[in-house]
Amino acid sequence: MASNRPTPADPSAYELDDRGAFAGPGADDGDGPWEEWNPTEESTRSVRGKHRVAKQRGGGFARSGTVLGVGVIAAVGASGMASAEDRPPVPISMPDIGGMADDLSENLPDAKELPGIGELISDDESAAADAASAPAGGAAAVASTGTGADTGNAAGAGEALRSRILQQADVQQGTAEQEARDAAEKAAVQQAATEAAAHQKSAEKAAAAKKAAEMEAKRKAEEAARRKAEAERLAKLAKSFIAPVSSYTLTASFGQAGDRWAADHTGQDFAAPTGTPVKAVHSGTITQAGWAGSYGYRIVLTLDDGTELWFCHLSSMVKTSGKVNTGDVIGRVGATGNVTGPHLHLEVRPGAGDPIDPMPWLRDHGLSV
């Protein structure tokens, strides 16, 4: 501690009188001699109670200043080095904690400007202003509750929270509605695609059925045309092909087996009375005529396409060479050669080769035999 008296400082909780002496609470009015003071547990307790100051601005700040001053005095007494004899009291100057708090509060930002807080405070202040401007009866009613301001602040905060909740609910509802619309639109698109695919499949099936019907109709038309052309051809051939005898009975057929032939039967037999005229089936040239062993008298008529017709077992030969026309009589039915009765044995040999069944060949040329 300094021994000289300090320059008077700013007024504080502990003031100096006009003589410059310590004029704090409990100070002695005279400048009498000072006795050495050593704080004890009892004296410290009483001094602490005597020098308690009134509550200042800032609440705990003034109380903290008093405690600090008492602590300094206690420290000086505990060291055993302080002596107040023949010395004026030393003033203790403490900073104005309340003023510092005011200065600090002035430099702090306004709570209304803090994000997320301004709305609540503005609602609280507006509610407080409404309560202040209310009639005396209304103020008394609020005062009667004992917590009117707190209730208004809570109501404003609750209303703000309710508004936010409603806003979030609206947003969620809008999102849900949009999702529902999107789902409905997607379902509609899928339904349309399904219907389009089904329609296309039905159209393709109908087109395939139509095409099949057209092809069937075309096939039937072609078949009818073919039959018609064949009928016309047969009709035309019928004019140029005739049966070898006018009246006959079919007996031994082609390929039939029997003990009278060395092999299976090679032609078709037309049984008729002896002397029945034998006609040229179609126009051609007689290339052979005469005796032919087991065939008896035989005439070979070669057609323009090279097919040979053998007329066998004749009783007589009318034409033995040269060209003949359809229907010309070339011989007569007989029973010459290896036979059991009068008949005409007719063989058909395409290209002068092996014999074939005469009946299908005759039918293919328009003859009904």
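I took a nonpolar core as a set of buried Ala, Val, Leu, Ile, Met, Phe, Trp, Tyr and Cys residues joined through side-chain atoms within 4.5 Å. Buried means under 20% relative accessible area, exposed over 50%, and partly exposed in between (1.4 Å probe, protein chains only). The model is predicted, so to speak of local features I need pLDDT of at least 70, and of side-chain atom pairs pLDDT 80 or more, while totals for chains, interfaces and linings use all residues. Residues are numbered from 1 along each chain as its sequence is written, and side-chain values use heavy atoms, without hydrogens and water.

**Core.** I found 25 residues in the largest nonpolar core, and Val278, Val281, Phe311, Ile330, Trp361 and Leu362 have the most contacts inside it. At least two of its residues come from each of β5 (297-303), β6 (308-317), β8 (329-333), β9 (343-349) and α7 (358-364); helices (H or I, at least four residues) and strands (E, at least two) are DSSP runs, numbered from the N terminus.

**Rings.** I counted four aromatic pairs. Rings of Phe, Tyr and Trp (its six-membered ring) pair if their centres lie within 6.5 Å, and planes over 60 degrees apart count as edge-to-face, under 30 as stacked, the rest as tilted. Tryptophan 291 and tyrosine 297 pair edge-to-face, at 5.1 Å centre to centre and 80° between the planes. Tryptophan 291 is exposed at 54%; tyrosine 297 is partly exposed at 32%.
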